[in-house]
Amino acid sequence: MSHLTIEGGKPLYGTYPVSGAKNSVLPILAACLAVDGTCVLHNSPALSDVDAAADILKAEGAVVTRAGQDLTVDASAAAPAELREDLAHKMRSSVVFLGAMLARFHKAVLAFPGGCELGPRPIDLHLAGLRRLGADITEGYGLLNCRAPGGLTGADIALSFPSVGATENLMIAASLAKGVTTIRGAAREPEILELAAFLNAAGGVISGAGEDVITIHGVQRLHGCEAVIGPDRIETATMLSAVAAAGGRVLLKGAQPDRLSVVLPYFTAMGVRLTDTPQGLLAERTGDLHAPPFCRTMPYPGFPTDAMPPLMAAATVAKGTALFEENIFACRYKQVPELCRMGADIQCSGRLCVVKGVTRLTGCPVTATDLRGGGALCVAALCADGTTVISDIHHIERGYEYFDDKLRGLGALVRKD
């Protein structure tokens, strides 16, 4: 399997192009299955998760083509087919196809989804919401068998937790349901806004996206449209962590600071100078690196759980002590043993982690156990003395496009083997 070899201790300088957001393009690709027509998604990142979503669309009869950063999806001739286990297990967000399949075809058979193992991520909220819309769902032999013979019907749905995936699934399903659907306690992430904009461009009628309550007026048909995938805020946060840890001066081209309003103050407090420019966000760290303030992950607009591992990696070489509290995933700290192998001083207890900054990290062989943990190991490797070899980088390639090439563009000594 492929691995990354990184020679650390070299400051980063240059321009880093931020890719389209993984967490935006995946639900939009699922929504394409509900569209009777052709959709063009501009600025679509070349990621293994995007390839997996394209494979799912093809299995349902859609035609998917890529030209550079543009993905074209023609689902006009799509037809219901069982979503095989090998496809569903490639990514956790495969469950979001369930709403599109029920809305368009009134039936779906889906194997339970896969993805990073970050602890329990039940899909109960997805299924309960779809049942409220009239779906009959039975579970057995690792499959979800779903039917809505008369189509879905709008309903008032209250989510007990602002689940991003459940909100997206229900938005897509309700777009073709009869009547009006209200989602209360909805997720508010920027990706929700992008999905709503896409569905509205396709003829949907959605209001309230980005707020606690989203209202969807069902329509009979969604038509083809175009959309531009916005910049990836988690990739931006990862590279801010890299600049903080390794030092240097990097323009994060295309980054949108308003997507990271909660995250940016952490880097400023650490000693990273941030400047909003017409081209993107300029990050510079030449002086001492200080420990970040208490980091407590929460649903949006709180600190994003996906941005925590790379920030923790930067904190390992900062002056002082940092405290992290993870409130989204039960197993978000899988990168900690690998960071400690490099010389980090980290103690974890339950949801809390205490990081005492050390003078230096030392490169060694480490393993990426999940996507964002892999990003954290890259951050640590860039500032470590000597050579770090990161294995199982298929996790990293799920969410960071051409990462080795883009790091080399900043002067980093990175090789993919």
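This is a predicted model: local features need pLDDT of at least 70, side-chain atom pairs count only at pLDDT 80 or more; totals for chains, interfaces and linings use all residues.
## Aromatic pairs

Let's start with the rings: the count of aromatic pairs in this structure comes to 2.

Where do Tyr-266 and Phe-303 lie? Tyr-266 belongs to helix α9, residues 264-270, while Phe-303 is in the loop between β17 and α10, so the pair ties together parts that are 37 residues apart in sequence. Both Tyr-266 and Phe-303 are buried.

## A sheet of four strands

Strand β17 turns up again in a sheet. It's an open sheet of 4 strands, and reading across you get β17-β18-β20-β19, with mixed pairing. At the edges are β17 (295-296) and β19 (345-349), each of which pairs on one side only. As background, strands of a sheet pair through backbone hydrogen bonds, either parallel or antiparallel.

For a look at one pairing, take β19 and β20. Strand β20 covers residues 352-356, and β19 pairs with β20 in the antiparallel sense over 5 bridges. Ser-349 stands opposite Leu-352 in β20.

Helix α10, made of residues 308-315, lies across β17, β18, β19 and β20. Against β18 (321-325), α10 runs at about 165°.

Next stop is helix α12, residues 371-383, which is the place of Val-379. Is Val-379 buried or exposed? Val-379 is buried, because its relative accessible area is 1%, and the cut-off for buried is under 20%.

Leaving aside residues up to four places away in sequence, Val-379 touches Thr-238, Ser-241, Ala-242, Ala-245, Pro-310, Ala-313 and Ala-314. Ser-163 is another story: Val-379 and Ser-163 are 28 Å apart in space, C-alpha to C-alpha, and 216 residues apart in sequence.

## His-223 in its loop

His-223 is found in the loop between β12 (213-217) and β13 (226-228). With a relative accessible area of 33%, His-223 counts as partly exposed.

How many residues apart in sequence are His-223 and Val-35? They are 188 residues apart along the chain, yet their C-alpha atoms are 5.5 Å apart in space. Val-35 is also one of the residues that His-223 touches, along with Asp-36, Ala-201, Ala-202 and Gly-203, again not counting residues up to four places away in sequence.

## Helix α2 and what it packs against

Helix α2 runs over residues 48-59, which makes 12 residues. From its first C-alpha to its last, α2 reaches 16 Å, close to the 16 Å expected at 1.5 Å a residue. After α2 comes Gly-61, with a positive phi near 100°.

Which residues of α2 are buried? They are Asp-49, Val-50, Ala-52, Ala-53, Ala-54, Ile-56 and Leu-57.

## Helix α4 meets helix α6

The axes of α4 and α6 (residues 164-175) come within 8 Å and cross at roughly 10°. That makes the two helices roughly parallel, because angles under 35 degrees fall in that class.

Terms used: Residues are numbered from 1 along each chain as its sequence is written. Side-chain values use heavy atoms; hydrogens and water are left out. Two strands pair if DSSP finds at least two bridges between them. Contact means heavy atoms within 4.5 Å. Axes are lines fitted to C-alpha atoms, for helices over the stretch in contact, and angles run from 0 to 180 degrees between N-to-C directions. Buried means under 20% relative accessible area, exposed over 50%, partly exposed in between (1.4 Å probe, protein chains only). Rings of Phe, Tyr and Trp (its six-membered ring) pair if their centres lie within 6.5 Å; planes under 30 degrees apart count as stacked, over 60 as edge-to-face and the rest as tilted. The expected span of a helix is 1.5 Å times one less than its number of residues. Angles under 35 degrees count as roughly parallel, over 145 as roughly antiparallel, 65 to 115 as roughly perpendicular and the rest as oblique.
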